[in-house]
Amino acid sequence: MTTGQYEIQKIVEGSNNLQQAVLGAVDVQKELAIYDRFQQSGEKVASRGLLISGYSYADIVRFLQGGGFLLVGRKNDERVVGYLLMDPGEKFSRQLLEANIQWVRPDDRKNIEPILASGKYDYLDQIGVRFDFHGKGCSNELLRAAEAAVPGRTIITMIMTQPVENKASIRFFEKSGYVTFAKVHFSRYGTMSPFEGILLTKKV
Ligand SMILES: CC(C)(COP(=O)(O)OP(=O)(O)OC[C@H]1O[C@@H](n2cnc3c(N)ncnc32)[C@H](O)[C@@H]1OP(=O)(O)O)[C@@H](O)C(=O)NCCC(=O)NCCS
């Protein structure tokens, strides 16, 4: 599918070109997985975004086998410049059982807690665009294509605020109509201990 300036391709388990697309996404992740640099410098705000760590090829294939999808964005049919990973909500809901959740508004709790409990939503696990392509429309096109792929559904995403605040990502999602409904605290999440984040949602 082409949504604008970029060729956006949706990959699910069994898709043609799966291997090429997943390798392309892994390559983009390598550029964006710069958490180590923040750890070393002690910098607390990522104004251009960051990934904590990149997934391996096998990790992404497992996502697809579990019913998730991958979008990759290319310009002029060349290398992958951005990707987005969407996962059925159940896995994230299981992870959230380990977290302390602070609801922003009581109404949000009433409306969203049952959705989280049911797992019947889509979890936007990651979006990433090569640094050279930030602010050039690829992120918007990926997000628009992801939303179009799950019509009528609720999308939930989590953005890190501690140990590093992912400012670029917060700005991007808020601008795209996503609303923060809770703060989360994990005593351990991946290699981070503790980890804090915000949960945002949009009904599409
Ligand atoms: C989060 C992330 C994907 C956001 O992408 P981004 O491109 O930097 O986001 P921006 O909001 O700057 O880009 C959108 C902007 O592109 C520009 N843009 C949009 N369409 C455009 C076009 N056709 N031509 C040129 N520029 C365009 C606009 O300025 C737009 O802002 P607007 O929607 O207010 O008009 C990016 O920062 C990133 O990859 N970060 C690293 C990984 C990460 O942090 N991921 C999130 C955690 S998983």
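Student: Which strands and helices are included in what covers the buried residues of α1?
Tutor: In this predicted model, the buried residues of α1 are A21, V22, G24, A25, V28, Q29 and L32. Their cover includes one helix, α3 (57–65), together with the strands β1 (7–11), β2 (69–74), β3 (80–88) and β5 (122–129).

Student: Within what arc do the buried residues of α1 fall, seen down its axis?
Tutor: An α-helix has 3.6 residues a turn, so residues three or four places apart point the same way. The buried residues of α1 include A21, A25, V28 and L32. Seen down the axis, the buried residues of α1 line one face of the helix, because they fall within an arc of 155°.

Student: Which exposed residues does the face of α1 turned away from its buried side carry?
Tutor: The buried side of α1 holds A21, V22, G24, A25, V28, Q29 and L32. On the face turned away from that side, the exposed residues are Q19 and K30.

Student: How far apart are the end C-alpha atoms of helix α1?
Tutor: Helix α1 runs over residues 18–32, and at 1.5 Å a residue its 15 residues should span 21 Å. The distance between its end C-alpha atoms agrees with that expectation, being 21 Å.

Student: At which residue in α5 does the kink lie?
Tutor: Helix α5 (residues 106–118) has 13 residues and reaches 19 Å from its first C-alpha to its last, close to the 18 Å expected. Just after the helix, G119 takes a positive phi of about 75°. The kink in α5 is about 35° and lies shortly before the proline P114, at I112.

Student: How many polar residues does the shell around the ligand have?
Tutor: The ligand is surrounded by 21 residues, the closest being G49, H134, G137, S139 and S169, and β5, α6 (138–149) and α7 (167–175) each supply at least two residues of this shell. By class, 7 of the shell residues are nonpolar and 3 are charged, while the number of polar residues is 11.

Student: What is omega for the cis peptide bond that joins S193 and P194?
Tutor: P194 has its place in the loop between β7 (179–186) and β8 (195–203). The peptide bond joining S193 to P194 is cis, with an omega of about 0°.

Methods
Residues numbered from 1 in each chain as written. Predicted model: local features only at pLDDT ≥ 70, side-chain atom pairs only at ≥ 80, totals over all residues. Helix = DSSP H or I, 4+ residues; strand = E, 2+ residues; numbered from the N terminus. Expected span 1.5 Å × (residues − 1). Buried ≥ 20, exposed ≤ 12 C-beta atoms within 10 Å, placed from the backbone. Arc of directions from axis to C-beta. Contact = placed C-beta atoms within 7 Å. Near = placed C-beta within 6 Å. Nonpolar A, V, L, I, M, F, W, Y, C, P; charged D, E, K, R; others polar. Bend = angle between axes of the 7 residues up to and from the residue.
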